[in-house]
Amino acid sequence: NVARIRTLRNVYPNVPIGWSDHTEGTGCAIVARALGAAYCERHFTLDNLLLGPDHNFSANPVELTAWVDGIREVDITLGHGRIEPTEVELVNRKNWRRKSGQTIRGASA
C-alpha cells in the first residue's frame, strides 16, 4: 500500500514521510520515492544465508546497489518540474534555429 505515502503527506504536510521496505526487488521503493517519500529504509546483509531472523529477506550488496540506483534514478527522472529547455535542446536551438533570411546547415531556404 505505497499509496498511503500520499495520504500521510496530505495529513502531515510539514513532516518528512519515509518508506520502510520489506519487499523483494526495487519497485516499491521506486514508487515510494516517486510519491514523495523523503527517505527509504531497507534491511541489509552481506550474505542471505547467514543465521538470524532478517538475513533471508534482507538486501545483499548487489541488491542494495540496484535498490539505491533505482531510487536515485527516480530523482533524475522526476526532474525539477520547471518548464524550460534541456541543455541538449539549448545546444540544438543555437545550432539549428533559422534566422531570418539564413539557411539551416546545408539546407536551402
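A residue is called buried when its relative accessible area is under 20% and exposed when that area is over 50%, with partly exposed in between, using a 1.4 Å probe and protein chains only. The structure here is a predicted model, in which local features need pLDDT of at least 70, side-chain atom pairs count only at pLDDT 80 or more, and totals for chains, interfaces and linings use all residues. Residues are numbered from 1 along each chain as its sequence is written, and side-chain values use heavy atoms, with hydrogens and water left out.

The chain has four helices and two strands, which follow one another in the pattern α-β-α-β-α-α; helices (H or I, at least four residues) and strands (E, at least two) are DSSP runs numbered from the N terminus. Of the 109 residues in the chain, 17% are buried.

Helix H3 covers residues 61–78.

Which residues of H3 are buried? They are Trp67, Gly70, Ile71 and Val74, and, seen down the axis of H3, they fall within an arc of 90 degrees (taken from the directions from the helix axis to the C-beta atoms), so they line one face of the helix. An α-helix has 3.6 residues a turn, so residues three or four places apart point the same way. The buried residues of H3 pack against strand S1 (18–21), helix H2 (27–34) and strand S2 (39–42), whereas the face turned away from the buried side carries the exposed residues Val62, Arg72, Glu73 and Ile76.

Terms used
The expected span of a helix is 1.5 Å times one less than its number of residues. Contact means heavy atoms within 4.5 Å.
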